[in-house]
Amino acid sequence: MNLLEGVRLALRALTTNKLRSALTMLGIIIGVGAVITLMSVGEGVQSYITAQFEAIGTNLFFLVPGSFQEELRRPAFITTRDAEAIADPAQAPSVLHVAPVVQGSASVTTPGRDRGVTVTGVTPEYALARDWQTQLGQFVTATDNQSRARVAVLGASTASYFFPDRPDPTGEVIRVNGSPFRVIGVLSERGGSSFQNEDDVVMIPLNTALSRVFPRRTTTGEPSLTIVYVQAVSEERMDAAIEEVSLILRQRHRIGLDEPDDFTAISQSDIIGTFQQITGVLTVFLGAIAGISLLVGGIGIMNIMLVSVTERTREIGLRKAVGARKRDILWQFLTEAVMLSTFGGAAGILLGAAGASAISYFLRDDGFSAVFTVEAVALATLFSAAVGLFFGIYPAQRAAALNPIDALRYE
Amino acid sequence: MANSNTVIWVQDLHKIYKMGENEVHALRGVSLGVQRGEILALMGPSGSGKSTLMNILGCLDQPTWGTYVLGGRDVSRMDDDELAMARNGLVGFVFQSFNLLPRTTALDNVMLPLVYAGTTGRERRRRAAEVLEAVGLADRLHHTPNELSGGQQQRVAIARALVNQPSIILADEPTGNLDSKSGREVMAILQRLNRETGITIVLVTHDPRISHYAQRVISLFDGKIIKAEAIAEPIDAANELTLPEGVAV
Ligand SMILES: Nc1ncnc2c1ncn2[C@@H]1O[C@H](COP(=O)(O)OP(=O)(O)O)[C@@H](O)[C@H]1O
Ligand SMILES: [Mg+2]
């Protein structure tokens with residue numbers, strides 16, 4: 001008996017009991033459908049996150065004090081002088097802009113309004129490195145910074161929160177931790193599709209922040225920064241820039257040859273990689289949960305195949321009596337089980353695709369779309385066929401092992 | 001005892017069925033030879049071991065001990081696949097209860113042994129139609145068992161037993177479920193096949209009249225052969241009935 005004939009025979013057996021076959025397949029359909037939907041959504045989340053980060057720029061990296069990997073013997077700081085050294089083109093030719101930042105939460109008040117807001121002390125380079133534009137007024141200038149001017153640039157949502165009925169709040173005064181600051185500009189909106197609302201900020205000159213709002217000092221009394229944004233001259237020179245900056249900082253911090261860095265450089269691609277890892281694990285995890293329902297579907301197949309073998313005991317006996325070998329019977333029942341599961345799998349792929357498109361449709365305004373991958377389809381197809389094989393083998397073996405005379409006598 | 005014309009040779013065959021604690025000694029040392037081209041009838045009361053012996057002869061079951069040589073080959077040395085091949089091509093088995101696949105046409109039922117013989121589809125169809133014609137069912141190829149009478153169903157079963165051209169037909173009470181007229185028709189077909197093709201036939205019956213269609217009658221009692229007699233002049237079943245149309249004798 002060749003393969004085609006085996007398939008025909010199995011089709012005939014499956015269509016004699018259409019409702020039963022359909023119900024048996026339902027388990028697989030739901031299982032595969034869930035796997036496909038979840039994997040597509042997982043892929044979608046991954047590409048969504050990647051797109052979010054890539055929008056920031058691929059030639060940017062941050063420096064933060066401390067180390068994530070190593071235990072340090074001394075408290076770690078990055079100072080404003082460190083930032084100045086990095087910005088020196090003679091020492092770091094691959095670096096384009098350096099934006100030292102001190103950041104924290106502060107209470108911001110206007111008459112009648114009071115709220116905790118992220119206050120960021122910045123230099124003009126910050127607008128360049130992070131690509132900020134103002135919609136009204138202007139950004140923090142070098143003069144503002146040098147003179148420690150008490151001026152503030154508001155994020156778009158901060159402006160509308162504190163000045164709901166003033167389309168142009170420039171010239172108004174806000175109080176940051178009690179000190180009055182004059183509003184000199186409002187930032188353009190970044191768009192709402194980011195993780196944290198970047199539009200809810202107050203930016204003030206770095207030196208003002210260091211002297212008045214966040215007077216942090218190192219052990220030697222120097223002003224200490226939260227983070228330094230460094231922009232390389234090009235994406236290709238990112239690695240070179242990181243190397244130059246690391247060398248400068250190691251020298252300045254007098255770090256011995258065998259000692260670890262007391263700062264960490266994080267690039268966009270590092271972050272994207274980390275997020276992709278996280279979402280990748282999540283996707284696999286969700287897929288595995290969905291896989292459990294596939295397993296349940298497989299048990300359904302096994303159950304029905306066992307019933308079918310019992311019901312058709314006489315048929316098996318007869319086939320053996322006229323010359324069917326063990327493997328002929330084995331193949332016959334295995335083919336039926338695998339066909340049940342692969343048909344179920346095919347229907348499940350369609351269901352999963354429908355589910356993924358439905359989710360994309362509901363989230364279309366957020367710019368999210370599920371990614372229906374060939375891998376997911378291949379995996380689901382293989383997996384459902386494997387489920388059929390795995391759960392079909394036991395009933396098929398039971399059928400094949402029947403003794404012809406006992407089987408023929410079975411009532 | 002065995003010679004080149006002996007197609008079936010059994011020596012001291014025993015079969016013990018174990019049912020929990022109980023043992024049923026169904027065959028207690030049966031020795032028997034069947035000659036090529038002979039029609040042999042097995043008789044005996046119910047429970048005497050006739051079916052047990054037939055199942056062993058048909059390679060459907062194995063003796064507890066004893067020797068069985070089929071067409072020169074020792075059956076006890078055959079593995080599973082060889083036994084399947086023997087059932088497929090060396091012997092054709094006809095059951096009392098027909099054992100046709102339900103909801104399956106006569107043609108498909110008859111083709112079944114050829115499926116497992118690996119015959120090509122076209123050849124299967126041709127040969128199945130041919131044997132169905134030989135048993136007088138040329139006009140019933142596409143009928144399913146429930147559309148056929150008992151006699152017709154048994155003729156489909158005979159066609160199935162014949163289709164892979166075995167040298168022996170084993171029939172366990174082939175007329176047991178049939179009225180006497182259909183029974184005679186079936187016997188007439190078997191006799192004609194024997195006459196025309198020289199096929200060896202071993203059949204079980206407990207009807208003494210049916211046994212007279214055979215050339216030799218062996219009586220079993222309690223798992224042993226108690227009597228063997230040759231029928232001097234076997235009756236020709238065809239003479240005892242007006243055959244239905246289409247059956248050429
Ligand atoms: N599968 C079996 N298990 C147990 N005992 C059996 C089985 N088949 C037959 N027997 C017993 O073996 C004896 C012979 O049975 P059988 O060969 O069917 O007799 P017959 O066909 O002559 O009526 C009987 O006593 C029967 O009960
Ligand atoms: Mg019997």
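This is a predicted model: local features need pLDDT of at least 70, side-chain atom pairs count only at pLDDT 80 or more; totals for chains, interfaces and linings use all residues.
1. Domain layout of chain A. Two domains are assigned in chain A. Taken over C-alpha atoms, the centres of domain 1 of chain A and domain 2 of chain A lie 56 Å apart.

2. Extent of the interface. Contact between the chains involves 22 residues of chain B and 23 residues of chain A. The area buried between chain B and chain A amounts to about 2,000 Å², with 53% of it on carbon and sulfur atoms. On the chain B side, the residues that lose the most area to chain A are Leu60(B), Arg87(B) and Tyr116(B), which together account for 31% of what that side buries.

3. Charged and polar pairing. Four salt bridges are counted between chain B and chain A. A salt bridge joins Lys326(A) to Asp80(B), with 2.8 Å between the closest N and O atoms. Between chain B and chain A, nine residue pairs are in polar contact, both residues of each pair being at pLDDT 80 or more.

4. Elements and composition on the chain B side. Helix H2 (80–90) and helix H3 (106–117) of chain B each contribute at least two residues to the side that touches chain A. By residue class, the side of chain B that touches chain A comprises nine nonpolar, five polar and eight charged residues.

Terms used
Residues are numbered from 1 along each chain as its sequence is written. Chains are lettered from A and ligands numbered from 1 in the order in which they are written. Side-chain values use heavy atoms; hydrogens and water are left out. Domain bounds come from an automatic or database domain assignment. Contact means heavy atoms within 4.5 Å. Buried area is the accessible area (1.4 Å probe) that two parts lose on being put together, summed over both. A salt bridge is a side-chain nitrogen of Lys or Arg within 4 Å of a carboxyl oxygen of Asp or Glu. A polar contact is a pair of N or O atoms within 3.5 Å; within protein, one must be able to donate a hydrogen and the other to accept it, and residues adjacent in sequence count only if both atoms are side-chain atoms. Helices (H or I, at least four residues) and strands (E, at least two) are DSSP runs, numbered from the N terminus. Ala, Val, Leu, Ile, Met, Phe, Trp, Tyr, Cys and Pro count as nonpolar, Asp, Glu, Lys and Arg as charged, and the others, Gly among them, as polar.
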